[in-house]
Amino acid sequence: MNESEHRHRGVDPADLSEQDLLRELETIHRSRHDTLLYGSAAALEAHNVRMADLEAEYLRRHPDREVAAGRTRSGARDRSQ
């Protein structure tokens, strides 16, 4: 199955309510480790595509989201000193 076929699976992230989008993101991030370690190549590819689509939709909806200082390069450097 190629990437374009994977993109047709599941609800389009743009059609999800805010609550459903957040729930989908939480679920896919929780399952990421197991998919990476134990999933087939096709499962990992599908996971990659779905996660990217969900994250892109979140970023589209929240372009000005708050970024924690510790999650930036300069903030990380400050922690190491």
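The chain exposes about 6300 Å², and carbon and sulfur atoms supply 50% of that area. Accessible areas here come from the Shrake-Rupley method with a 1.4 Å probe, and for residues only the protein chains shown count as cover. This is a predicted model, so to speak of its terms: local features need pLDDT of at least 70, side-chain atom pairs count only at pLDDT 80 or more, and totals for chains, interfaces and linings use all residues. Residues are numbered from 1 along each chain as its sequence is written, and side-chain values use heavy atoms, with hydrogens and water left out.

Of the 81 residues of the chain, 19% count as buried. Buried means under 20% relative accessible area, exposed means over 50%, and partly exposed is in between, with a 1.4 Å probe and protein chains only.

Next, the secondary structure. The chain has 4 helices and 0 strands, in the order α-α-α-α along the sequence. Helices are DSSP runs of H or I with at least four residues, strands are runs of E with at least two, and numbering starts at the N terminus.

Among contacts between residues at least 6 apart in sequence, 65% join residues at least 24 apart. Contact means heavy atoms within 4.5 Å.

How do H2 and H3 pack? Helix H2, residues 18-38, and helix H3, residues 41-61, pack at an angle of about 145 degrees, with their axes 10 Å apart. The axes are lines fitted to C-alpha atoms, for helices over the stretch in contact, and angles run from 0 to 180 degrees between N-to-C directions.

The residues in contact include Leu21, Leu25, Ile28 and Arg32 from H2, and His47, Met51, Leu54 and Tyr58 from H3. By class, the residues of this contact divide into 10 nonpolar, 5 polar and 7 charged. Nonpolar covers Ala, Val, Leu, Ile, Met, Phe, Trp, Tyr, Cys and Pro; charged covers Asp, Glu, Lys and Arg; the others, Gly among them, are polar.

The largest nonpolar core has 6 residues: Leu16, Leu21, Leu25, Ile28, Met51 and Leu54. Such a core is a set of buried Ala, Val, Leu, Ile, Met, Phe, Trp, Tyr and Cys residues joined through side-chain atoms within 4.5 Å. H2 and H3 are the elements giving two or more residues to this core, and H2 has the largest share, 3 residues. Leaving out residues up to four places away in sequence, Ile28 touches His47, Arg50, Met51 and Leu54.

Glu55 lies in H3 and is partly exposed because its relative accessible area is 30%. Asp34, in H2, counts as partly exposed because its relative accessibility is 47%.
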